[in-house]
Amino acid sequence: MGTITQPHPYRVHARVLTASLVGTAVEFYDFYIYATAAALVFGPLFFPSESASAQLLLSYMSFGLAFFARPVGAVAFGHFGDRIGRKSTLVASLMLMGGSTLLIAFLPTYQMVGWVAPLLLCILRFGQGFGLGGEWGGAALLAVENAPPGWAARFGMAPQLGAPVGFIAANGLFLILGLSLTDEQFVAWGWRVPFLASGILVGLGLWVRLKISETPDFAEVLARDKPAPVPVAELFRNHLRATFASTFAVVACFAIFYLSTAFALGYATTALGHNRVDFLLVQLGAILFLALGIVLSGYRSDATSSGRVLMIGCAATIGVGLLFGPLLGSGSLWLAWVALSIALLVMGFVYGPLGAWLPQQFPARVRYTGASVAFNGGGIIGGALAPIAAQALADTGGADAVGLYLAAAGVLSFAGLWAQRGRAAG
């Protein structure tokens, strides 16, 4: 008799993995188009014109607002994700996140309606962050809770690979607009195009997610016991150590990403005088190394352990921080590409394994809440504060000081991982 060939796990779970990836792609696309627009046009378009620096500061503050909305969304969506299921909660988070992004395309400017314009912008930015708060945790659980034995990290790569996909889509679209439009056209209407285009990704995500089933782990929880009445209360009562340690473990990946993308773009095109289109091309080339790092770390994590690979990545982050400033600040586009490529490759090792490692720190009955709260709490420290702190450090100590900030983020995440070693809940 012939040997029966078992289908490959990726093929069996292709729809689940796609549903997991596309949401994170939308997340990074949404966040990066907002970060780019905040750096380039939102200041004069949506805020009073007393001073250009004040406009830029207010624009960056609106960018940071979503990071503070994300933990609120993590608690809210985590509550329903742990009580009614992963699938329906993920659909709701994607609709809120995508709807808020799409509506930004239709906002009136400050010159049209005065103070109403920044108010509406901040409301929609909060809605973006609130929806995103439930997105990553649910996407990671969707992949990992469907993974066959021994495949958790490789399945956990799916939501992580959404990061380079979303970045390439956002960066590539801004590059096309930069080559096709004049500065006046971009300010007048071109900046709205990326926000309109987000509707395509959201539509694809909804189409895929509405066709998937609930995860086996959550079905088992329902069969064994009632869901936690208030998941966040149970999380903080029984898993406080894991929550804090996991939050710190996430910091490095956010710091690397936003320093290598949003901060680097602003610093390179202002303080260093690089052409915006040229530097967007540099970043597009470098982001491919993030995808490579995610894939390599996923396979290595299943061969060893996700915690060990994350610790190696955090140690490497410290080294990258020491190189980042001198290379980025050299004035050479080639050396800037080297700096960003190395940083984003290392980011793959502190970000890729999180899809498997973070859910393992919490039992299934509070896993959605725990993974979401930790991931988005780390986002405040590593993401919301990074561009602001980096700009202040660059003004006083140049790019070298920013590199030291990145090294410090690596130390903080290493400490979180060390505190939680050997304590996985599932």
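A residue is called buried under 20% relative accessible area, exposed over 50% and partly exposed in between (1.4 Å probe, protein chains only). The model is predicted, so to speak of local features a pLDDT of at least 70 is needed, side-chain atom pairs count only at pLDDT 80 or more, and totals for chains, interfaces and linings use all residues. The structure holds one cavity of 30 Å³ or more (a set of points on a 1 Å grid over the protein atoms alone where a 1.4 Å probe fits but cannot get out). The largest cavity has a volume of about 50 Å³, and Tyr60, Ala262, Phe263, Gly266, Pro387 and Gln391 line this space, each with an atom within 4 Å of a point. Two or more lining residues come from each of helix H13 (240-270) and helix H18 (367-419), helices being DSSP runs (H or I) of at least four residues. H13 gives the largest share, three residues. By type, the lining divides into four nonpolar, two polar and no charged residues.

H13 also takes part in the surface. Phe236, Leu240, Phe244, Phe248 and Leu412 make a nonpolar patch of about 420 Å²; patch residues have over 30% relative accessible area and no salt bridge, with nonpolar side chains joined within 5 Å. The largest share of this patch, three residues, is again from H13. Leu412, by contrast, lies in helix H18 and is partly exposed, with a relative accessible area of 31%.

Conventions. Residues are numbered from 1 along each chain as its sequence is written. Side-chain values use heavy atoms; hydrogens and water are left out. On a 1 Å grid over the protein atoms alone, a cavity is a set of points where a 1.4 Å probe fits but cannot get out, and a pocket is an open set with protein on both sides within 12 Å along at least five of seven lines; lining residues have an atom within 4 Å of a point. Grid points are joined across faces, edges and corners, and a volume is the space filled by probe spheres set on the points. Ala, Val, Leu, Ile, Met, Phe, Trp, Tyr, Cys and Pro count as nonpolar, Asp, Glu, Lys and Arg as charged, and the others, Gly among them, as polar. Patches are made of residues with over 30% relative accessible area and no salt bridge: like charges are joined within 9 Å, nonpolar side chains (Val, Leu, Ile, Met, Phe, Trp, Tyr) within 5 Å. Accessible areas come from the Shrake-Rupley method with a 1.4 Å probe; for residues, only the protein chains shown count as cover. A salt bridge is a side-chain nitrogen of Lys or Arg within 4 Å of a carboxyl oxygen of Asp or Glu.
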